[in-house]
Amino acid sequence: MVWNKTLHPVLTMALMLCAIAAIGRSGSAARSDEATTQPKAVVARMWHGRTLTSKADEYYVYLKQAGIDKIEAISGNLGAQVLRRTDGNTTEFTVISYWESRDAINMFDGDDIEKTHFLPKDPQYLLELEPKVKHFDVLYDGRK
């Protein structure tokens, strides 16, 4: 077989690019799997409440001091987030607290972890008292 000298560099480059692409695909697939795997079990507990916008700032201060600060001091708690959304005269709050396990939540909230743990002044602020909270297994947390 006669080798075409002008084709040789092109074929060499093409083979190298194919090899690099194959390595890149297998490497990125492995990194992608690692990124989607939570290193340890984490449970997210999600609560939702609504108040009048005129009371929202005051309620946030109360929620932070009477609720979030206490939750974050409990053994097994991994932190919390407070989300706020205002739509006209109504402001919604969503609290997501993170826990090592459902057992850790149980230590904080008793046997029925789905039952909402109200703060003493919640009836003064909230438009309704939602009876249940939701729990989720955290599969991926991409926050930096």
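User: Are Y59 and Y125 buried or exposed?

Analyst: Buried means under 20% relative accessible area, exposed over 50%, and partly exposed in between (1.4 Å probe, protein chains only). Y59 and Y125 are both buried; Y125 counts as buried because its relative accessibility is 10%. This is a predicted model, in which local features need pLDDT of at least 70 and side-chain atom pairs count only at pLDDT 80 or more, while totals for chains, interfaces and linings use all residues. Residues are numbered from 1 along each chain as its sequence is written, and side-chain values use heavy atoms, with hydrogens and water left out.

User: How many aromatic pairs are there?

Analyst: A pair of aromatic rings is described by the distance of the centres and the angle of the planes. Rings of Phe, Tyr and Trp (its six-membered ring) pair if their centres lie within 6.5 Å; planes under 30 degrees apart are stacked, over 60 edge-to-face, and the rest tilted. The count is 4 aromatic pairs. One of them, Y59 with Y125, is tilted, at 5.2 Å centre to centre and 50 degrees between the planes.

User: Which helices hold Y59 and Y125?

Analyst: Helices (H or I, at least four residues) are DSSP runs, numbered from the N terminus. Y59 lies in helix α2 (residues 53-72) and Y125 in helix α4 (residues 122-125), so the pair ties together parts that are 66 residues apart in sequence.

User: What pair do Y62 and Y125 form?

Analyst: Y62 and Y125 form a stacked pair, 5.7 Å centre to centre with 25 degrees between the planes. Y59, Y62, F93 and Y125 form one aromatic cluster.

How values were computed. Helices (H or I, at least four residues) and strands (E, at least two) are DSSP runs, numbered from the N terminus.
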